[in-house]
Structure formats: structure tokens, C-alpha cells
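Please open the structure in your viewer and keep the selection tool at hand. The tour below goes from stop to stop, saying at each one what to select and what is to be found there.

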Amino acid sequence: MINKSPHKSPMPTQNQKNRVFNFNEVALGYALEEALSEAKRCLDCRHKPCITECPVEIDIPAFIRAIADQHLDKAYRIISDSSVLPAVCGRVCPQESQCEAVCVRGIKGEPVAIGHLERFVADYYFTHHAEIATPITRDKEPIAVVGSGPAGLSCAHDLVKKGYQVTLFEALHQLGGVLVYGIPEFRLPKEIVKREIHRLIDLGVKIEKNVIIGQSLFIKDLFDMGYKAVFLGTGAGLPKFMNIPGEMLNGVYSANEFLTRINLMKAYQKDAETPIFKGERVAVIGGGNVALDAARSAKRLGANHVMVIYRRSMKELPARIEEVHHAKDEQIQFHLLTHLKEIIGDENGHVKRIRLVEMTLGEPDESGRRRPIEKKDSDFFMDVDTVIMAIGTRPNPMIMQSSLELEKNAYGCLVTDPNTGETTMPMVYAGGDVVTGSATVILAMGAGRKAAKAIDEKLNPSF
Ligand code: FAD
Ligand code: SF4
């Protein structure tokens with residue numbers, strides 16, 4: 001029977017007072033009863049708009065129906081047919097702007113909690129099944145996948161399932177890309193990422209860590225080694241700065257550096273070898289998931305005052321809604337319609353103050369969002385000891401610079417055929433943040449799947 005409640009079953013969370021003192025996961029996940037009750041809110045609509053809006057086209061009503069029927073293994077199989085990272089996506093995908101945005105239940109109440117249900121299914125499966133995925137027979141051509149973020153993992157998954165011999169090259173000593181060095185433990189435990197990647201290794205994907213393509217090996221070398229196609233999922237790891245006075249002072253971080261020190265190098269642990277400055281008054285510049293992750297991490301490191309400084313209003317703030325709520329619960333202050341103009345240092349070259357200016361919103365710009373305009377004579381100062389820049393990233397130029405056949409656009413992103421992901425260098429495909437400059441986990445995965453399909457059609461066309 002349909003559950004007619006207009007509200008989602010709420011997600012249980014870690015106690016709000018205690019959680020700012022630890023890096024443990026904030027959202028705790030549904031219990032079976034909560035998942036069953038939520039699954040019964042789905043109408044199994046005829047037009048299924050939620051599937052069309054999912055970049056990897058998960059059969060959402062089918063997996064939800066399987067939960068309602070208590071066939072939880074079947075629910076997992078349905079999701080994992082399309083997604084290599086269900087436990088990750090259930091936790092971090094911006095469902096409110098994708099599948100849940102078009103959910104028919106959202107017309108007269110809250111949409112079905114598709115993300116919470118996806119997470120429930122993946123967690124349930126891994127808690128109850130310890131078995132190793134059976135390796136797939138791989139008798140098709142060797143393919144090199146560069147980068148082990150969501151784009152590379154998704155491309156490798158689809159190709160190995162089709163029988164290709166896939167080798168995944170990763171520059172770092174750990175697999176997962178932003179999932180391990182960017183998104184903090186309290187949103188995405190690293191054990192969850194490892195668990196999902198392990199399934200891919202079990203299927204037969206070969207891993208080469210600590211190899212930088214464009215430095216240790218070039219794309220040409222990969223073809224000389226016998227790979228028939230190359231997928232570039234190298235992301236956008238180069239942080240942007242504002243080019244304002246004071247950015248070189250001590251105490252100014254890019255969000256990338258700040259979060260990598262915490263997530264990958266565990267700088268928050270007492271015995272960690274990588275140091276991090278634990279500020280008292282921290283200003284984070286930007287309004288996306290990255291800014292909120294940095295702000296909430298700073299709070300957990302012990303900062304008393306953490307401010308998110310964003311030049312547009314709450315309506316334009318791009319971070320996931322759930323994270324905005326969590327950040328507010330954790331006493332993160334939002335200074336909206338405010339822009340950073342200058343960082344001022346003390347006599348030792350450390351940040352001591354920032355100069356800000358108030359903003360107002362004008363006509364929409366090319367991004368469709370209203371353009372922020374400075375209010376005249378509205379400058380003011382704030383005392384801070386740490387500034388974290390979270391205003392965006394660009395693709396790392398290393399591969400582009402070492403491979404001149406690759407065309408890049410004015411933003412430094414790779415130019416590809418929109419239908420196949422193929423670059424200007426034949427049999428080299430790309431996707432994820434390397435093409436867009438910034439995206440989401442699920443969009444990166446969608447790009448990886450698209451490229452895998454194009455590679456398969458090129459190498460083994462079906463007539
Ligand atoms: P990445 O995840 O960046 O992976 C690229 C990989 O390639 C890395 O492992 C890198 O080491 C490797 N690499 C780079 N160059 C080379 C080379 N030359 N040779 C070999 N390997 C190389 N999205 C969401 O949907 N929801 C969120 O909540 C969310 N939060 C985020 C929080 C933070 C802090 C950040 C930074 C991003 C967040 N995003 C979020 C965005 C999302 O994580 C990215 O869009 C996504 O990870 C892009 O995937 P990718 O595979 O293209 O690149
Ligand atoms: Fe279920 Fe919502 Fe999808 Fe309809 S749109 S099938 S209610 S999840």
C-alpha cells in the first residue's frame with residue numbers, strides 16, 4: 001500500500017553538539033523500517049521522470065519497488081547495473097537538483113528520498129555480503145584509464161564488464177580522486193569508498209598507482225605499450241585564486257590543500273606527519289560543497305568562529321541543501337552578498353584581517369545566475385587568522401601540455417565530441433571535471449559511461 005505521507009522519512013544524524021568534535025559520519029542512514037516506509041511513498045509512475053534525470057540512468061522505481069518487496073539483493077543489483085558507486089552516490093549526489101527534483105511526489109509534498117534509499121541498499125548489501133565479485137573473462141583489447149575518480153572508475157567498470165582488459169593509472173598513492181582527498185570523512189567515510197573500489201578490482205581491473213601520465217609516462221607511451229584506447233578522467237585539481245592583495249600570506253589555503261591535508265594525510269590526528277594550522281577565526285570564500293566541507297572541517301579542528309563568505313544570496317548558493325542545513329546546525333555563519341577584497345597580514349606575515357565589501361544582485365550572467373555587483377562605499381573589516389579559498393578549480397594542465405594534439409578551450413578544459421567524449425587526439429576519450437572544469441560525482445560517472453560506450457562501439461562495432 002502507498003505511504004501517503006507528504007514528508008520524507010527523516011535521516012537519523014549524529015548528535016549535533018558532539019559531532020563538531022569528531023570527524024565521524026554525520027548522517028547515519030536508514031534502518032530497515034524507515035527504508036520500507038520511504039520506499040512505499042514511490043508511485044512507480046508510468047513516465048518515470050526520475051530515471052531520465054539520473055545521469056547514469058538507474059532504474060529508480062524498480063530498485064525502490066524491490067526494497068518495498070524486501071528483495072534487497074535485487075535492489076542492489078538493479079542499482080549496480082548502472083552505477084559503480086551506489087554507497088558513494090547515495091551519500092553525496094545532489095539528488096535535489098536531479099532525480100528528486102522531478103519526482104512526482106514532490107508536486108504536493110517532499111519527493112521520495114531516492115538518495116537515502118540508494119545509500120540504504122548499498123550499505124545493507126555490504127553489511128550482509130562479504131563475498132568477492134567474480135572476475136569477468138577479459139578477452140577484448142587492452143584499455144588505459146587515467147585517473148581513479150568517479151569518471152575513471154565508472155569508465156573502467158563499464159569496460160571491464162564488457163570484457164576489455166582495463167588498467168587504471170592513478171597519480172596518487174590512494175584510489176578515489178576527490179572522494180578520498182576532497183570530501184571529508186564526516187560526509188563520506190573512506191572505508192565506503194575503498195569498499196566500492198574493491199569490487200571493481202575484484203572484477204579484474206588492474207591498478208597502477210603512483211604513475212603520473214604526462215610525467216612518468218606520456219599518452220603516446222600508453223599506445224606504444226599496446227593500449228588501444230585511453231580514457232582521461234584526471235579531474236580538475238588546480239585551485240583558482242582571486243589575485244587580490246595578501247593571498248601569499250601564511251594562513252591562506254586553497255580548499256584543495258586544506259582538505260587534502262585533512263582527508264588524505266589525516267592532519268587532524270595527533271600523530272599525523274602532515275601539519276595543519278588550527279585557526280580560531282576562519283573565513284571560507286565560496287558557496288559550493290567544497291566551501292562547506294572546508295568550513296565544517298575547520299570547525300572540527302577547533303575553530304571558534306567559522307564564516308562562509310559568498311557573493312550571491314542563499315538562493316544561488318550551489319552547495320547541497322542537506323549540507324547547508326548541517327553547516328547551520330554546526331554554527332557555521334553565512335555572510336551572504338559579501339565579497340573578499342583584500343587579506344591583511346601581521347608583522348610576521350600571517351593573516352590577521354580581511355577587507356570585505358557588500359554586494360547586490362543585478363541581471364543574470366552567462367551562468368544564468370544573477371550577477372553580483374559591489375555596493376559603493378560598503379567596505380568593512382573582519383579579524384580572522386585563516387582564509388580558505390574555495391572559489392573553483394581548473395583541470396591540471398600537465399597532460400594537455402605534454403600532449404599537443406589535445407585541444408583545450410579558453411578555460412583550460414579539454415575539447416571533446418559531446419556525443420562520444422572523444423578528444424582531438426584519436427582514440428583518446430575524456431570526461432568528468434577535465435572537460436567541464438567542475439561537475440558532480442554523478443555527472444563525472446555519466447561521462448565515464450558515455451566514453452566506455454563510445455570506445456566499445458569503435459573497437460567492436462555491432463553490425
Ligand atoms: P577526480 O575526482 O578529481 O579524480 C581525478 C583523479 O585523477 C585523481 O585521483 C587524480 O589524482 C588523478 N590524476 C590527475 N592527474 C593525473 C595524471 N596526470 N596521471 C594520473 N592520474 C591523474 N560532487 C557531488 O556530486 N557531490 C558533492 O557533495 C561533492 N562535494 C565535493 C567536495 C569537494 C571538496 C570537492 C573538491 C568536490 C566535490 N564534488 C561533489 C565534485 C566531485 O567530487 C567531482 O565533480 C568529481 O570527483 C569529478 O570526478 P573526476 O573523476 O572527473 O575527477
Ligand atoms: Fe517514484 Fe518519484 Fe520516480 Fe515517480 S518520479 S517513480 S514517485 S521516485
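For the first stop you need a way of sorting residues: Ala, Val, Leu, Ile, Met, Phe, Trp, Tyr, Cys and Pro count as nonpolar, Asp, Glu, Lys and Arg as charged, and the others, Gly among them, as polar. This is a predicted model, in which local features need pLDDT of at least 70 and side-chain atom pairs count only at pLDDT 80 or more, while totals for chains, interfaces and linings use all residues. Residues are numbered from 1 along each chain as its sequence is written, chains are lettered from A and ligands numbered from 1 in the order in which they are written, and side-chain values use heavy atoms, with hydrogens and water left out.

**Stop 1: ligand 2**

Select ligand 2 and then the residues around it, where a residue is near a molecule if one of its heavy atoms lies within 4 Å of it. The surrounding residues are C42, L43, D44, C45, P49, C50, P61, C103, V104 and I114. Sorted by the rule above, this shell holds 9 nonpolar residues, no polar ones and 1 charged one.

**Stop 2**

Next, select residues 60-68, which form helix α4; helices (H or I, at least four residues) and strands (E, at least two) are DSSP runs, numbered from the N terminus. Is this helix mostly covered or mostly uncovered? Helix α4 is mostly covered, since 7 of its 9 residues are buried, where buried means under 20% relative accessible area, exposed over 50%, and partly exposed in between (1.4 Å probe, protein chains only). The buried residues of α4 are I60, P61, A62, F63, I64, A66 and I67, and what covers them includes α2 (32-39), α3 (49-52), α5 and α7. Just after α4, Q70 takes a positive phi of about 65°.

Of its 76 residues, I60, F63, I64, I67 and L117 touch the most other members. Helix α17 (residues 441-459) gives the most to this core, with 8 residues. Apart from this core lies another, of 29 residues, including A294, A303, A327 and F334.

Return to I60 and show its contacts, a contact meaning heavy atoms within 4.5 Å. Leaving aside neighbours within four places in sequence, I60 is in contact with C50, I51, C54, C99 and I114.

**Stop 3: aromatic pairs**

Rings of Phe, Tyr and Trp (its six-membered ring) pair if their centres lie within 6.5 Å; planes under 30 degrees apart count as stacked, over 60 as edge-to-face and the rest as tilted. By this rule the count comes to 8 aromatic pairs. Select Y76 and F126, an edge-to-face pair with 5.9 Å centre to centre and 85° between the planes. This pair links distant parts of the chain, with Y76 in helix α5 (residues 72-82) and F126 in helix α7 (residues 114-128), 50 residues apart. Y76 counts as buried because its relative accessibility is 3%, and F126 is buried too, with a relative accessible area of 16%. F126 also forms an edge-to-face pair with Y125, at 6.0 Å centre to centre and 90° between the planes. For another selection, take F23, F186 and Y268, which ring pairs link into a cluster.

**Stop 4: strand β11 and its partners**

Select strand β11 (residues 351-364), which runs antiparallel to strand β10 (residues 338-345) and is joined to it by 7 bridges; two strands pair if DSSP finds at least two bridges between them. The bridge partner of I344 in β11 is R353. In the hairpin of β10 and β11, which has 5 residues between the strands, G349 takes a positive phi near 80°.

Strand β12 (residues 370-374) is also antiparallel to β11, with 4 bridges joining them, and the bridge partner of M359 in β12 is E374. β11 and β12 form a hairpin with 5 residues between them, and G368 in the turn has a positive phi of about 90°. Strand β13 (residues 380-383) is joined to β11 by 4 bridges, again antiparallel, and M382 in β13 is the bridge partner of I354.

Definitions and conventions:
Core = buried A, V, L, I, M, F, W, Y, C linked by side-chain atoms within 4.5 Å.
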